[in-house]
Amino acid sequence: MTAVVFVHGTGVREPGLSALVARVTAGLAAQRDGLRVVPYAWGAAHGATLAAGGASLPPRSGTTRGLGEGPAGPAPGDGTAAAWAALYADPYAELALAAAGSGPAVERPPGSVPPQQRIRALLTALAARGDAPAAGLGPGLARAATDLAAHPLLGPAADALDPADLAALAARCLTARLIADALDAGSPLVPVGETRDAVTGRIAEALGAPPPGTERGLRSALLRTAGAVAARAVERRRRALTEAAHPAAGDILRYLSRGAAFRDGLRTLLAGLEPPVAVVGHSLGGIIALDTLVSAPLPQVRLLVTAGSQGPFLYESGSLPSLEHPTPLPPYVPAWLNLYDPRDLLGYLGAGLFPGRVTDVAVDSGQPFPAAHSAYWTNPAVYRHIVDHLP
């Protein structure tokens, strides 16, 4: 009888481990009878814990700065930060909300300047000033202003808002675009909220908003409400979220600093099994499995399967404990099937690093990241590929 040793990924503890092993067992059984699934529960034995009961957790967050509408002042909780996070993800999100609220076109008095023509002219003038109005945020204002002036939603938004409101919204859009670009470029320097809000205020004035100290009208109600709701949920669940997320990050750090115990435990388990044995590892579990099989021969193991694993990346970056690039895989490492979801940002390829030793196979869960990283074990294709490669 073939034994399949399942090595779970980061953050998995009971009762989740038992449910996961049951799902893996059922998935394999649906493809082939007579397989024995043996879990390696390294999380319980060697995984990270909050040894001091969470003494390292920061206290509840305090106040945050405003979105740039009116006088900057404290706001309770992290609603504002969550709203800015939404804008960093999509700088045009608020523009789309405003455009969606515009009504049918109305006839304007002869000789009046259409609102969109006015804001486009102001944005063009702002672009001509270069990056100076955004001093403190970094380059790109001229390009961002030019892009916003040409955006198809600017016209409907201009019809829906008065000029001061539109100026404040456009300023937030441009500020968010600059910060989002910096984040995308991996910049090590991102301005604090005070600098962000000051730049937003300067840009808003350049686009026709009243000066600081006056009421600017627009409250970005939908955006701020969505942010506040998200922030309150996080505040209510902060400790639970931290304790849930902690093992995932802590497990990785603990393995990379004290991984011998993880590998010794798996080696002992494998040494006690009759061949043929297959080792299936998810995420960090795949790294543990690979390191263990590289460290010393285990002839009873005939197949290594990794799913959504970072082993190839750690090897290429010089961080894999057992093998330093460009040293090849030892000849005693068994056949290696590496499954990855193209949308899983934590899944890497091995065939290009170990020619002829690794078979990379894409499995599509139809989920975005990070859900894709946890969807391997509900994907029937994963089990088909594993069974097809079993000895």
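Which backbone oxygen does the side chain of S317 reach? I looked this up first, keeping in mind that I am working with a predicted model. The side chain of S317 reaches the backbone oxygen of F313, at 2.9 Å. I also found a polar contact of 3.3 Å between the side chains of S317 and S319. As for its place, S317 sits in the loop that runs between α14 (311–316) and β5. Its relative accessible area is 40%, so I noted S317 as partly exposed.

**Entry: the whole chain**

The protein chain has 15 helices and six strands. It counts 391 residues, and 45% of them are buried.

Next I traced the strands. I found an open sheet of six strands, paired in parallel, in the order β2-β1-β3-β4-β5-β6. Why is one side of β2 and of β6 left without a neighbour in the sheet? Both β2 (36–40) and β6 (358–362) stand at the edges with a single partner strand each, so one side of each stays without a neighbour there. On average, neighbouring strands of this sheet are turned by 20° against each other, direction ignored.

I picked one pair to follow. β1 (residues 3–7) pairs with β3 (residues 277–282) in the parallel sense, over five bridges. Within this pair, V5 stands opposite V279 of β3. Helix α15 (residues 380–389) packs on the sheet, where it touches β3, β4 (301–307), β5 (335–340) and β6. The direction of α15 makes about 170° with that of β5.

S283 lies in the loop between β3 and α13. I marked its phi, near 55°, as a positive value in a residue other than glycine. Is S283 buried or exposed? Its relative accessibility is 4%, so S283 counts as buried.

**Entry: two helices crossing**

I moved on to α13 (residues 284–295) and its meeting with α12 (residues 260–271): their axes come within 9 Å and cross at roughly 70°. That angle makes the two helices roughly perpendicular. On the α12 side, the contact is made by F262, R263, L266 and R267. On the α13 side I listed I288, A289, D291, T292 and S295.

**Entry: a buried histidine**

H151 is in the loop between α6 (141–149) and α7 (154–160). With a relative accessibility of 15%, H151 counts as buried, because the cut-off is under 20%. A polar atom of its side chain lies 3.1 Å from the backbone nitrogen of L153. Which residues does H151 contact, leaving aside neighbours within four places in sequence? I found Y92, L95 and R120.

**Entry: two cis peptide bonds**

P326 has its place in the loop between α14 and β5. Another cis bond joins F369 and P370, with omega about 10°. I found P370 in the loop between β6 and α15.

Technical notes:
Residues are numbered from 1 along each chain as its sequence is written. This is a predicted model: local features need pLDDT of at least 70, side-chain atom pairs count only at pLDDT 80 or more; totals for chains, interfaces and linings use all residues. Side-chain values use heavy atoms; hydrogens and water are left out. Helices (H or I, at least four residues) and strands (E, at least two) are DSSP runs, numbered from the N terminus. Buried means under 20% relative accessible area, exposed over 50%, partly exposed in between (1.4 Å probe, protein chains only). A polar contact is a pair of N or O atoms within 3.5 Å; within protein, one must be able to donate a hydrogen and the other to accept it, and residues adjacent in sequence count only if both atoms are side-chain atoms. Contact means heavy atoms within 4.5 Å. Two strands pair if DSSP finds at least two bridges between them. Axes are lines fitted to C-alpha atoms, for helices over the stretch in contact, and angles run from 0 to 180 degrees between N-to-C directions. Angles under 35 degrees count as roughly parallel, over 145 as roughly antiparallel, 65 to 115 as roughly perpendicular and the rest as oblique.
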